[in-house]
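Here is a quick tour of a protein model, written for someone who likes to know what sits where. Have the sequence and the 3D view open as you read.

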Amino acid sequence: MAPRKIIIDTDPGQDDAVAILLALGSPEDVEVLGITAVAGNVPLDLTAKNACIICELAGKTDIPVFAGCDRPLGRDLVTAEHVHGKTGLDGPSLPAPVMAVQEQHAVDFLIDTVRAHDAGTVTVCPLGPLTNIATAFQHAPDIVEKVQQIVLMGGAYFEVGNITPAAEFNIYVDPEAADIVFKSGVDIVVMPLDVTHKALVTQPRNDAFRALGTPVGIAVAEMTDFFERFDKEKYGSAGAPLHDPCVTAYLIRPDLFTGRHINVEIETSSDLTMGMTVADWWRVTDRSANAMFIGDIDADGFFDLLTERLARL
Ligand code: BDR
Ligand code: CA
């Protein structure tokens, strides 16, 4: 089967970086048409720069990187340096990129790329706030029905929130954008905290990354060393949750994941629960299903896949 064509929309972020590396190490499964950066974990200048750093680390300098929206649709930007550090990629010491960010705006690249391909052949993979995707849908409604699928990291049901008691970071940062995407009618697969909190980098798993002995393996281990302190302190978990790599792993091995096709609505008006993903997991309403909401993962299978693919870079 031909590799699936994807656009990765991202705010790197250590876990975004690992998600990108997994895709770049899997050319028989996914063809990365481009990487679009959005403001999220850190401001846009840093997320775009970090995307270039990761492409260079992988030796894939031919992947075009685009800078997109520098703030949410109607709010001030909330960032997460408390998790990812000042640069967004704290941990390893990686060289400043030589690669330049493309001139074209990420939203225009998204629109042009979907338009230029046959309907149902481009999948969009958002790993950060949904600002670029919602803006593209607002500017070019004709692309909505052409998108093959959106596979995104965001939201939570059983795990509730990680930035407020009710909301997950990516959705909280731009709930209006999330609302547009979830109401778009596109086939959506969601990787919420419910599943990403099961994809934990335990010590033996991080040792396996480091033991690859390559610049990629060592950088991923060092990113995890930095990134894990937040979740270990906050949740007492066994290691860093690899949120965003669940998205790219799903494209390669969907059989590692299970979930339910349910209705998911985004809270956009209550201050108390702003950005909550109101997921009808128990199907207690008659609202129509709009998303495959993933709940479980074969974590050992996921880490075997990740280690094998990182070893190729
Ligand atoms: C999400 O927020 C970011 O901090 C991570 O990169 C991930 O995309 C987890 O809530
Ligand atoms: Ca992210």
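## The calcium site

Start with the calcium ion (ligand 2): Asp-11 (OD), Asp-16 (OD), Asp-16 (OD), Leu-127 (O) and Asp-244 (OD) coordinate it at 2.2 to 2.6 Å. Donors here are N, O and S atoms within 2.8 Å of the metal (3.2 Å for Na, K and Ca), and water is not among the atoms, so sites may look incomplete. Along the chain, the donors are spaced as D-x4-D-x110-L-x116-D. That pairs up distant parts of the chain: Asp-11 sits in the loop between β1 (4-10) and α1 (14-24), and Asp-244 in the loop between β8 (240-241) and α11, 233 residues apart. Helices (H or I, at least four residues) and strands (E, at least two) are DSSP runs, numbered from the N terminus.

Both Asp-11 and Asp-244 are buried, where buried means under 20% relative accessible area, exposed over 50%, and partly exposed in between (1.4 Å probe, protein chains only).

## About the model

This is a predicted model: local features need pLDDT of at least 70, side-chain atom pairs count only at pLDDT 80 or more, and totals for chains, interfaces and linings use all residues. Residues are numbered from 1 along each chain as its sequence is written, chains are lettered from A and ligands numbered from 1 in the order in which they are written, and side-chain values use heavy atoms, with hydrogens and water left out.

## A covered helix

Helix α11 (residues 245-252) is mostly covered, with 8 of its 8 residues buried. Among them are Pro-245, Cys-246, Tyr-250 and Ile-252.

## Space inside

A cavity is a set of points, on a 1 Å grid over the protein atoms alone, where a 1.4 Å probe fits but cannot get out; lining residues have an atom within 4 Å of a point.

Of the 23 residues that line the largest cavity, Val-83, His-84, Asn-162, Phe-169 and His-243 are the closest to its centre. The elements that give two or more residues to this lining are α1, α3 (81-84), α6 (169-173) and α10 (215-235), and α10 gives the most, with 4 residues.

## One exposed tryptophan

Trp-282 lies in the loop between β11 (277-279) and β12 (291-297). Trp-282 is exposed, with a relative accessible area of 52%.

Technical notes. On a 1 Å grid over the protein atoms alone, a cavity is a set of points where a 1.4 Å probe fits but cannot get out, and a pocket is an open set with protein on both sides within 12 Å along at least five of seven lines; lining residues have an atom within 4 Å of a point.
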